[in-house]
Amino acid sequence: MTEQATDSNLLPLDTSIVLLGSEDPAYGERASAYYRGLGCPVSVLDPDVEGLQQAALVQVLDGIQTPFVVIARDSDFLVADALCNARRWLSEHPGAQGVLGYALGMRPGHGTVSYHRLGETCHERADDGLRARVLSFARSGLQPWRAVMRVDTLRAALAKTPALSDGWLVALSFALLQEGDIHVLEQTQVVSECLAAAVDPDALAPVTRALRGADEQEDGCFADEDGFAILRQFVLALGSIGDAPLLFSSPWTSVVGEPVRSFELHQCVEMPYYNAPLFRQLSSLEFLLHAWPVGQAHVRALEGPWVRQRDLLQHHANDNLETLRARYWQALSVNLFAPQVCQLLLETFGEDEAEPRSELSQWLERLLQVGAPELSERLAQTPSGAVLRALAAATPDAAGKQRAIRHLAGCKGTQLALLVLDLKDDDEALQRTFDSVVASGLRDFRLIVLKAGALPAITTPRDTLHFIKVMPDTFVSHLNQTVGQLACEWLMLLQAGDELAGAGLLRLQVELAQASGCKAVCGNEVRRDEEGRLIAIQRPGADFDLLRGRPDLMASHWVVRKDVIMQVGGYSEKFHRALDFDLLLRVVEVNGLAGLAHIDEFLVVGQVDREAMLPDAQATLERHLSVLGYQAQVTQGPEGRLEIEFRHAATPLVSILLAASGDLQRISVSLASIQQRTRYPRYEVLVVTQGEEQQLAGLGARVRMVSCPSAQLSRRLELAAAEARGEYLVLMSDSSQVANPGWIEALLNQAQRPEVGVVGCQMYDAEGAISHAGYELLESQQVHASWFGVASAQGGDALGLGVVRACHAVCAEGLMVRKEVFDALGGLAHDDTSGIELCLQVAQAGLLVLMAPQAQLFSLGQAPVSQACLEGLVARWPWAFNRALAVDGAYGIGELPGADGPRWLNELN
């Protein structure tokens, strides 16, 4: 292979490349394909699980036959020309240890790559001496471990490198500089993926200490304070990406031509980033990045476009060649780097389209040469892919749909009206809604479109599809007029672009024919986020508290009886951005919670403008609470949550029943947390022991000891409850500690509502993961601990995790119950240490069991419900394991879709 050409497409065969593997094997697969195309030997080290890559590198070097070696991450790309120049320089300077170029940072996204400066400044060659060399690299931020090195140099440096699990590459860089100088060429040698990630300087402190120790074993030239400062600067510069300023972006917008780069106003012309040969190689690299996307950040940026492409490739009943071709062009514009789309589009070209056929064929051939996985495979591995599989599992085949239709034909019909708001005059979005209705198999329905702009057809109210022209600012009056004129029994409000999911509404029609007492029903749904990714919203029943706390995720796409809508006065013009939510609040104000239902089927794939609807949602929630007699305050929390402070007038005495285990230290810590972190002024603590008197110093006036010789904790707590003076009881274990000062206020905020019986605390372990967030009683006769083990920071947008919500039961190691309710139910029956049976009794009495995440405890972790306890619960409360989580417990119909398909069809006649 020649080395004279600066634009060489091949790497020198006497230079081995060692790739440091990552947890994502796709990086290694793509990198191996890239380097195979450049014709050089490559070794890939397994991911660094416990600092093993350092030892693995030593073993790899023993098998390398070439005189030169270079290390790279599997997410990075070595520039061929730069390696050829480095190899040539080493040949011309036989006494040199290694030679290094600069790194250019890149972040790939949807159809574009952004490039960033790595390193602080141009590298200045240091005077002789290790201290000067280390300081020079500390100032420039260049990483010596990336150099093209002689194999013997790397072996010697590895022998001196301290064994570290994190930061070993920084330590290797220091060891290389101990061996001698690393020469720097003014060229870009590597294009490195740089993800925005802050590095805690304290996390790098062990690396600095390790280098100090390695230096002491040599000549100790960093032993003084200035030397330590140089080492620390060196570690921080090499161990973190830092600011990485944006230099230029490179969008790829056409199958012909190259990407067109857009440069920022401020450029770093002192860095060797700006030359035509490098940009030509960047174009080839960008093609590979777009055709073979890898990594969480890049795949997430493409997940939405992939979903959109998939949707555009679906065939519909009314399709023809012209409509298919138009959608294929749309799909290609969404993402140019999809071979399947190119192939489908080529099949639509006529004989007179030779030029575009040739251009697209060449593009397709180039894509296929990359050898990347197909679009469907990549999408299937994303969260949106999991949602699509769930939707597919819940969708019956043609024969199943016909069976459901025959069943409906043989029973009393339930006609459904779909009211579609097209206030943006978006015909494309409207067509998506129409296509989904046709594909759903729905029968006996009316489709009414309230449309701004020109109507596509003249229709009458008697037609199955009827268009009504409206103005965006006055559409609610037309909507109410339309509702009043409809003969349909049930209505659902949709936005243009919403799509019916699978056969959920077909299933609902079957159920509604037998649900005479139902007034409104919600189902699960799928949301598209701002980038088009799919998020499954699995609603845990018709939970009214959850509805009030998360209207953005709970209020849309309910199916409501027409006469109920008319009964409450129709939709409100005042709250037109939160129509569904306002309507449901008024339905409850008039009728109470009875008749709210939930079906465990996906009904709609849609999108809600959270920012637009929340102000109206907050305003109508404040109106609703005023109607209920509260002078409440509603505030907006994170992720679209609405938080209610009911502002109850009373401040009742609260009795905390602290169950003691016999461990004096645990009791003391738990009791101290109550006394030091409780803000609420009116409380007392009853420390419940098992007969032996435990001497606790400095109990204070609020604390009393209650002894009971019974071995049953439930009996001891009942005795303590009898002695308690408070109107409300808190059951708490000495394995728990108070986490936030307002915990009692948060419990009372819910417990003082007359319809509430029990309120539970949300508990966390020492690492901040959830140890208790409520229990669910499953149809499989198991008790499920909701969100157990989930880190609090990972909850994010999870439905229900951060707001007050109903649940089947809460843990007895942190719950509040009204004393009169506790006494009336007879306390904790059957030694109910879990609290589940108490909660079931409360629910049977018609009261709510709630989880209040604002009341937080630290807990050692909840023991799983024992098999004996579970068997007793199933025997005594069989109905509790045969319902979905619904507020009134009457309409939990169905189950989440599973891999075995929609089993509800098997129940039809």
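In this predicted model, Asp 734 is in contact with several residues beyond its neighbours within four places in sequence. These are Leu 658, Ala 659, Ala 660, Ser 661, Gly 662, Asp 663, Arg 666, Ile 667 and Ser 670. With Arg 666 there is also a polar contact, side chain to side chain, of 3.1 Å. Asp 734 lies in a loop, between strand 25 (728–733) and strand 26 (736–738). The residue is buried, and its relative accessible area is 3%.

Arg 146 is likewise a loop residue, placed between helix 4 (130–140) and strand 7 (148–150). Its relative accessibility is 6%, so Arg 146 counts as buried. The side chains of Arg 146 and Ser 192 form a polar contact of 3.5 Å. Apart from neighbours within four places in sequence, Arg 146 is in contact with Val 70, Ile 71, Arg 73, Asp 76, Leu 100, Gln 189, Val 190 and Ser 192.

The cysteines were examined next. A disulfide is a covalent bond that links the sulfur atoms of two cysteines. The count of disulfides is zero. The cut-off is a sulfur pair within 2.5 Å. For Cys 268, the closest cysteine sulfur belongs to Cys 122 and is 10.0 Å away, which is too far for a bond. Cys 268 is buried, at a relative accessible area of 2%. For Cys 839, the closest cysteine sulfur is that of Cys 807. The two sulfurs are 6.9 Å apart, so they are too far from each other for a bond. Cys 839 also counts as buried, with 0% relative accessibility.

Definitions and conventions. Residues are numbered from 1 along each chain as its sequence is written. This is a predicted model: local features need pLDDT of at least 70, side-chain atom pairs count only at pLDDT 80 or more; totals for chains, interfaces and linings use all residues. Side-chain values use heavy atoms; hydrogens and water are left out. Helices (H or I, at least four residues) and strands (E, at least two) are DSSP runs, numbered from the N terminus. Buried means under 20% relative accessible area, exposed over 50%, partly exposed in between (1.4 Å probe, protein chains only). A polar contact is a pair of N or O atoms within 3.5 Å; within protein, one must be able to donate a hydrogen and the other to accept it, and residues adjacent in sequence count only if both atoms are side-chain atoms. Contact means heavy atoms within 4.5 Å.
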